[in-house]
Amino acid sequence: MAGSLQELTDSTFSSEVLEAKGLVLVDLWAPWCGPCLRLTPTLEELAVELAGRARVLKVNVDNCSATAGSLGVSSIPTVILFKDGKEVTRMVGTQPKAAYLTAIDKA
């Protein structure tokens, strides 16, 4: 559904992100991470605003350790922007909404 934050798994990450055409913003997070929880409303807004331009997806690192490991994620939240399956930008820690929009505009 447009504007919703879809949760990925280790088994769906490749098809939803690495094999996807276009822009995909992926939030790597955990439910016990305070900064991650504070970032969620911003990402929900971005999912609505970017519908049709980019997808916004989430990966719970506790449930998807293989994906987090393959991406070299050691700190959360980490938000990675992919374009046509390739990483183009990585932001660690919470950022203002404008930073994510700028990254998308540059891609």
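1. A quick word on "buried": here it means under 20% relative accessible area, with exposed over 50% and partly exposed in between, using a 1.4 Å probe and protein chains only. By that cut-off, Phe13 and Phe82 are both buried.

2. Bear in mind that this is a predicted model, where local features need pLDDT of at least 70, side-chain atom pairs count only at pLDDT 80 or more, and totals for chains, interfaces and linings use all residues. Residues are numbered from 1 along each chain as its sequence is written, and side-chain values use heavy atoms, leaving out hydrogens and water.

3. Back to the two phenylalanines. Rings of Phe, Tyr and Trp (its six-membered ring) pair if their centres lie within 6.5 Å; planes under 30 degrees apart are stacked, over 60 edge-to-face, and the rest tilted. That rule gives one aromatic pair. Phe13 and Phe82 make it up, edge-to-face, with 6.0 Å centre to centre and 75° between the planes. Phe13 sits in helix 1 (residues 10–18) and Phe82 in strand 4 (residues 78–83), so the pair ties together parts 69 residues apart in sequence. Helices (H or I, at least four residues) and strands (E, at least two) are DSSP runs numbered from the N terminus.

4. Now the cysteines. Counting cysteine sulfur atoms within 2.5 Å as a disulfide, the whole structure has one. Cys33 and Cys36 form the disulfide, with their sulfurs 2.4 Å apart. The torsion about their S-S bond is about 75°, so the disulfide is right-handed. Both Cys33 and Cys36 are buried.

5. Cys64 is in no disulfide; its nearest cysteine sulfur belongs to Cys36, 13 Å away. Cys64 is buried too, at 2% relative accessible area.
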